[in-house]
Amino acid sequence: MNINRRQFFKISAASLSSSGLAALGMTPTAAQADVRQYKLFRATETRNNCTYCSVGCGILMYSLGDGAKNAKKKIFHVEGDPDHPVSRGSLCPKGAGVLDFIHSPQRLKYPEVREAGSNEWKRISWEEALDRIARLMKDDRDANFIEKNDKGQLVNRWTTTGFLGSSAASNETGILDVKFARALGMVHLENQARLCHGPSVAGLAPSFGRGAMTNNWVDIKNANVILVMGGNPAEAHPVGFKWAVEAKVRNKAYMMVVDPRFNRTAAVADFYSPIRAGADSAFLLGVAHYLLTNDKIQHEYVKAYTNAPLIVREDYKFEDGLFSGYDAEKRSYDRSSWAYELGADGYALRDETLQHPRCVFNLLKKHVERYTPEMVSSICGTPKEDFLHVCEKLASTCVPDKTTSILYALGWTHHVGGSQMIRASAIVQLLLGNIGMPGGGINALRGHSNVQGFTDLGVLTTMLPGYLTLPNENQETLQAYLEQRTPKTLVDKQVNFWKNTPKFMVSFLKGMYGDKATPENNFGYDWLPKWDRSYDVMAFVEQMHKGKANGYIIQGFNVIAAAASSGKVREGLAKLKYLVVMDPLQTETSSFWQNHGEFNNVNPTDIQTTVFRLPSSCFAEENGSIANSGRWLQWHWAAQTPPHEAWHDGRFLGTLLMKLRELYAKEGGVCPEPLMNVDWHYHDPKDPHPEEVAKQLNGYALADLFDDKGNQIAKKGELLSSFAHLRDDGTTTSLCWIYTGQWTQAGNMMARRDNTDTGLGNTPGWGFAWPANRRLLYNRASADPSGKPWDPKRKFLHWDGVKWSGADVPDYPPTAAPGSGVSPFIMLQDGVGHLFSMGAMTDGPFPEHYEPEESPIPANPLHSGSGKSPVARIFKDDKPTFGSREEFPYVATSYSITEMFRHWTKHSLLNAIVQPEQFVEISEKLAASKGIKAGDLIKVSSKRGHIRGKAVVTKRVMTLQVAGQEVEQVGIPVHWGFEGTARKGYLANTLSPRVGDANTHTPEYKAFLVNIEKA
Ligand code: SF4
């Protein structure tokens, strides 16, 4: 008998009552073969998603113990969900080991406190912990809250206690974080995105309108050419990577890897070429130069769908590495000249012939002319013939019926110029006509399971949900904010969807403050904190280090392992008055005060920080949604009760907020209004249910709503089905406008499980993808201006004579006919893809190669000055911590490996067994020159500290020729630390410098200088 497990369950359930299992006719042999299935027979099956990376693989969890009196549900088996459209039942070594994380011996059991100067944890009750935390918070807030700044502007901000959100928690937790922190006036509200994919939003949004992966995991199978650069998906996103392999197998796609290491992705690629870490912009600008000089661009696409024909202002300049408007003293640009020349009608001037010397097309040609193959080879260390081979293969997709898909991850975002590397790839893909196309796009492969969601929700210092911005202190009124933040249309007839900003903002304020938000009080606008500067992670570490911060609330975020220069972070935490860590696990951050020998050599009595360690539930113990890299919101369910005394994060936030309210009600205090008025009307304010929060995120009609023609679109009290129904008059609410549609009157769209393929692997019935369930962003560009698909084999969307039809929801007005003049990039003011990004980037409208702050070569071959980014984020105090090439001659680059997920899986036995110990990769040549053999213990030092690890001497890392000299690279995997099941190790970020990307302040982790020696 040949039945699978699911069929077996189905048949069994139907037959058991009457006939028993024997009646199924199973032979003993078959029964033995299915013995594992018997074990699962009495289990409850619960659907969830893997908690590690942003592929968001479906998992089925099996638990026992439900139903019986006093019995707690406990998971005993986990396997891949065969119905899941992305993972199709697969799990990688991380996901396969997730049971060992759920039951890790390092799971926290009870609330504990480490008193100032003490050398031990002390068990306390939740009640005591929260009473003490509320007291500490209120005292700090009352003492340091800033109601008005020096100019007398109302700012309502609290700068001395910060909040770090977890990027593996659910969206429902994330929005509670936002409500909680902003209600208290916190401006240091951040999440992991700051330290990983921040540059994706900064690079993609100015190029196309949104900062997300343009396509999705399954769509990669439609590519003809795949360029993997700045990422290593075979190791970091193994299950998502199977769609790249599918493209090779079924579509005969040609896969190329350009990376500092011959990694596991390279091992299955058709072509590999090395590159010096941090030189990717030079490579990509060289590709753009090749395409332009060899006439390998898709002309019709470039003319119709990019800003190539638009004319730039006369005062825009680029000379010797500097764009116009540079202020050396402030290390910043006045960006006003990076703009179009406007006509009398306020619209951008254009030249359809592309002859005008200042049209974007010619400025781009001029800008990239320096990036010749010889120059690229010299800067990157990539052999010239390799570079040209990559160019030729990419160029083969400049025709309408071929596409390249670009895959990248932290290999681009973890660089000081990361945002511009992504911009450079955007330019390449626009020239090739590959954006909006199935099998094309720029696929930002997000890291943590919900880092996309936490970015969408604006858990970032100057952001609000849905990519709205938190007001700054000069935006004193709602009106001023909306005037400044609502973009003007720059080309006639364009959608310019952000023109709806007032509707999104007012609906957010209604979600935030509920009935307390009225037209009379500008919907509570004054209660939002207003920022004066960025309070990002780098900035808050600086503040802590200077002794100017008092408290830190950290939720599922191991900051001493994640932020740059771990030593400085640890010193900063030691200057706090209180630290609160909510986490399922014992993390290095919560035990930063503990002596762990060479790995954390501190004296606890010197550290006066009071530390609370609070056990939180993990993904397997909660309902909620997470957003995968392809923007799919997927709902998951709890399969067991939280162990011991662990609480859901929402319960922690709700109970703490109620305690703070009690204190303010009893004692009074500074500016209680925002905290008292934040809408927290949950069925139990101390423990909000994820379902009610998810509905708030979606939004409601607060009055009967009618369309232009007088048809009713929603009754008062109903859930909204589209963000198109949002209003700016207070009659709608939505905490995150891009999520509107996730939970409608028809139910929870995120919980849908229809995996029907509507074409080219598209599965719109599975979960819900923001925005509006679109699966492929900018999909109007998959058809030519007349509405015909560029490629008949890739028919995704087409004009059917009345409307846009096809496999996906159009990312375009559904009835805007071809010829109506509406361009496909509807979020941008001019409707077209940006080769020139105007003033959206802080470091230039075109990318430029700058040397890393710690460079192995004496000068940037392109510029006469330092050749380093003139606007990179650098704090004065950190300058002495940068090393020179004389002292630290080798380029270090950090990375992840297949079996481990950041600093998390070292708590999981299975993963700790397969990768028990810290190692470092070096080339055979470097090893020989230092007398190092494979397996020797070596010491790797930077100006900031050192680590030790076993030497892996390998051909995977090679000696490169860069600007006339040899450059060696040192590969440093990041996964070990002094807590966990694996052997103790050093935190790899001990080595990395505090220098940040100019746009996002995301630190450099992948190109800095070290020395090595035998330990
Ligand atoms: S770590 Fe990523 S690829 Fe691996 S099982 Fe989990 S979600 Fe899938």
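The structure is a predicted model, with an average pLDDT of 95 over the chain. A score of at least 70 is reached by 96% of the residues. Residues 1-28 call for some caution, as the pLDDT there is below 50; even so, this stretch has 36 contacts in the model beyond near neighbours in sequence.

Turning to the ligand, its shell includes Cys 50, Cys 53, Cys 57 and Cys 92. Tyr 52, Val 55, Gly 56, Leu 91, Lys 94, Gly 95, Pro 238 and Val 239 also surround the ligand. By class, nine residues of this shell are nonpolar, two are polar and one is charged.

The largest cavity, with a volume of about 650 Å³, is lined by 42 residues. His 448, Gly 556, Phe 557, Asn 558 and Trp 904 lie nearest its centre. Helix α23 (559-562) and strand β22 (578-583) each supply at least two residues of this lining, which comprises 19 nonpolar, 17 polar and six charged residues. Because domain 2 (112-196 + 530-676) and domain 4 (876-1014) both contribute to the lining, the largest cavity lies between them.

The second largest cavity has a volume of about 420 Å³ and a lining of 30 residues. Nearest its centre are Leu 410, Gly 411, Tyr 895, Ser 896 and Lys 1006. Strand β35 gives the largest share of this lining, three residues, and the lining as a whole has 11 nonpolar, 13 polar and six charged residues. Here domain 3 (198-448) and domain 4 (876-1014) both give residues, so the second largest cavity lies between these two domains.

Terms used: Residues are numbered from 1 along each chain as its sequence is written. This is a predicted model: local features need pLDDT of at least 70, side-chain atom pairs count only at pLDDT 80 or more; totals for chains, interfaces and linings use all residues. Side-chain values use heavy atoms; hydrogens and water are left out. A residue is near a molecule or strand if one of its heavy atoms lies within 4 Å of it. Ala, Val, Leu, Ile, Met, Phe, Trp, Tyr, Cys and Pro count as nonpolar, Asp, Glu, Lys and Arg as charged, and the others, Gly among them, as polar. pLDDT is the predictor's confidence in each residue, from 0 to 100. Contact means heavy atoms within 4.5 Å. On a 1 Å grid over the protein atoms alone, a cavity is a set of points where a 1.4 Å probe fits but cannot get out, and a pocket is an open set with protein on both sides within 12 Å along at least five of seven lines; lining residues have an atom within 4 Å of a point. Grid points are joined across faces, edges and corners, and a volume is the space filled by probe spheres set on the points. Helices (H or I, at least four residues) and strands (E, at least two) are DSSP runs, numbered from the N terminus. Domain bounds come from an automatic or database domain assignment.
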